[in-house]
2 protein chains.
Amino acid sequence: MPILPPARAGDPVAAIDTPALVVDLDAFERNLDLMANAVRGSGLALRPHAKSHKCVEIAQAQVERGAIGICCQKVAEAEVFVAAGVRDVLVTNEIVGTGKLRRLATLAHRATLGVLVDDAGNVAELSAAAAGAGTTLDVLVEVDVGAHRCGVPPGEPVAQLAVAIAAAPGLRLRGIHAYHGAAQHLRTPAERRDAIAGAVRAAAASKAAIQAAGLRCAVVTGAGTGTWQEERDSGVYTELQPGSYVFMDADYGRNALAADQHHFEHSLFVLATVMSVAVPAQAVVDAGLKALAFDSGPPLVYGAAGLEFTKASDEHGVLDVAAAARPPRLGDRLWLVPGHCDPTVNLHDWIVGVRGGTVECVWPVAARGALG
Amino acid sequence: MPILPPARAGDPVAAIDTPALVVDLDAFERNLDLMANAVRGSGLALRPHAKSHKCVEIAQAQVERGAIGICCQKVAEAEVFVAAGVRDVLVTNEIVGTGKLRRLATLAHRATLGVLVDDAGNVAELSAAAAGAGTTLDVLVEVDVGAHRCGVPPGEPVAQLAVAIAAAPGLRLRGIHAYHGAAQHLRTPAERRDAIAGAVRAAAASKAAIQAAGLRCAVVTGAGTGTWQEERDSGVYTELQPGSYVFMDADYGRNALAADQHHFEHSLFVLATVMSVAVPAQAVVDAGLKALAFDSGPPLVYGAAGLEFTKASDEHGVLDVAAAARPPRLGDRLWLVPGHCDPTVNLHDWIVGVRGGTVECVWPVAARGALG
């Protein structure tokens, strides 16, 4: 049984069934334009990360504004976007295992497909998969520029993998992936600047090591919504891959910004309904762990002073109501700004786009649950 | 584009694409039998909670073993199970809003449908919806027996709502809902026993108040996987609604059990693949926040001493590898016991059932994402 959309185009906002994932289209489009304009003319390419939205219509809106393609994290995500017509996808992840690599290599018949490596054995596996499918895969070496998750250390280890890639049939060495995930949520501009300065040095050293091996390093890709201006202005990066800027979740909202840094707006909400007010000084909404991600803290209650989302269980969210606040009534609808947009979007089958009090569009979250 | 199953019946376990939600069918069936046998002959009814598994095949296996029906939390879940043939569903939640109530009341044409109330205004809404649909809804008063989430205080406030329900056309007063969610994960048997003793007193006082108002309180329902033996033996409860016992997640596994308490087995796993070993003393798997719930802590790495799941990002899980442990290799597959089963199941479209090294069945998680 498919999950039915919580609204139809033309419905008033008041008719949206809850809980629902809702996008304020005006704010969303301003976010898209702000990023596109800030990268245009810089000489860098914009390749937004589609793991944040998992939505074909949003990827298309990004490409229409000049993005050269998108990033994905999973082969199954790439399959969704290529099927929808996206012609250039970078899987910003290591892909392991014969079955998955066969799918990845096959997909390269229909789009430019890139992938990361941080292991020499994986280079051989990738090459065999490309040979089997009769395609060519773009390959980038993942460099550990500070996040200490995946990636080889900067410099010589990067060059060694680059040499192996360049020598492997079916693979095309494109450059390096130098994403500093841990830097994105450092709270002050100075902390983020320092962290990215280190990433830039690591990326530059890695590029130099590849060139010293007689190879070309055309692409240096990375950056997220927290730091993209640093990478843009680094003189080393060639491509930016922010994702969350389209939505701006509560956690990114906690980053302090310098005067010259761009402000994105909250455009993504989980619309929820008050379903119980029986316990004094609290209100319970119909959105809990299955409608919102809590890894980066609870959602903010938008435009409702004195209401604090304090506790979630599977299907319930408990809000503390301050003594001075107007107590919510049964049936009241609240707009929640998710703590973390990516895993919140992945809980929903539909994104409801609203403008001026009316539902304008309902987009499938086409790559929701595309885990493999 | 539908999410394809990660395996097919007959595949060897080694062929399951990862990350995948996998059930060990032997352990799962022992769990089902253990609960069914422990309730049979007690005079109580077993109405397992389907919010844990969201799977029609599992609900059917429960009914085949004597369950009188199931619990759901959402109207959209109830719609899935009623469409699949389940004939008795209790929505253990307050349902608010004209649209949702219309759906709930309409569903009562095809099954016995129960719902909770903790608000007099909601009683009138429910009655209007039943009248509109031409059906009768079973209604239970939710009593706050200690969780302080939804529900009215025990005793007289319960009786007042019961009187309103009994007088409302289209509604049939069935009794009270007295679930103590906060007690389920208290770690010692004594703490859980004390908490449920309080819930039993609250339930008994509420039942007495209803009877003192000249009404019948046929059903006293509640209990979960952490405390069900207490409610079973209370002399007050008539119906038990445990859910997680079918899977036994890592968090329930942390409950200490008394000698006379039943041990359920871990039957649910997220099967993951090691995709990076580039950073020393750690391994990265392909399952993160979008494949596992972390609200009750990280997953356990099953049967792999010295590996600890320490950090998750959207699509990555980072494992610390102890100095004495055998270091995982790229492509190794690990069995992760989810911290919390309910929201983990909700992240997956398929449950892969395995026995003796072979995939025996692949069940859709039919009510995954049924939020509304």
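The dialogue below treats the interface, the salt bridges and the strands in turn.

Guide: This is a predicted model, in which local features need pLDDT of at least 70 and side-chain atom pairs count only at pLDDT 80 or more, whereas totals for chains, interfaces and linings use all residues. Residues are numbered from 1 along each chain as its sequence is written, chains are lettered from A and ligands numbered from 1 in the order in which they are written, and side-chain values use heavy atoms, with hydrogens and water left out.

Visitor: What is the area buried between chain A and chain B?

Guide: The size of an interface is often given as the accessible area lost when the parts come together. Buried area is that loss, taken with a 1.4 Å probe and summed over both parts. Between chain A and chain B the area is about 4700 Å², and carbon and sulfur atoms give 56% of this. In contact (heavy atoms within 4.5 Å) are 63 residues of chain A and 63 residues of chain B.

Visitor: How many salt bridges does the rule find across the interface of chain A and chain B?

Guide: Side chains of opposite charge can pair when their charged atoms come close. The rule asks for a side-chain nitrogen of Lys or Arg within 4 Å of a carboxyl oxygen of Asp or Glu. It finds eight salt bridges across this interface. Among them, Asp17(B) pairs with Arg103(A), with the closest N and O atoms 3.2 Å apart.

Visitor: How many salt bridges does the structure hold over all chains?

Guide: Over all chains there are 48. One lies within chain A, where Asp342(A) and Lys51(A) meet at 2.8 Å, N to O. Asp342(A) belongs to helix 10 and Lys51(A) to the loop between strand 2 and helix 2 (56–64) of chain A, and the two are 291 residues apart. Helices (H or I, at least four residues) and strands (E, at least two) are DSSP runs, numbered from the N terminus.

Visitor: In what order do the strands of the open sheet of chain A stand?

Guide: Two strands pair if DSSP finds at least two bridges between them. The eight strands have the order 2-9-8-7-6-5-4-3, with parallel pairing. Strand 2 (45–46) and strand 3 (70–72) of chain A stand at the edges with a single partner strand each, so one side of each has no neighbour in the sheet.

Visitor: Which way do strand 13 and strand 14 of chain A run, parallel or antiparallel?

Guide: Strand 13 (residues 307–312) and strand 14 (residues 317–321) of chain A run antiparallel, joined by five bridges. Ala312(A) has Gly317(A) as its bridge partner, and a hairpin joins the two strands through four residues.

Notes
Buried area = accessible area lost by both parts, 1.4 Å probe.
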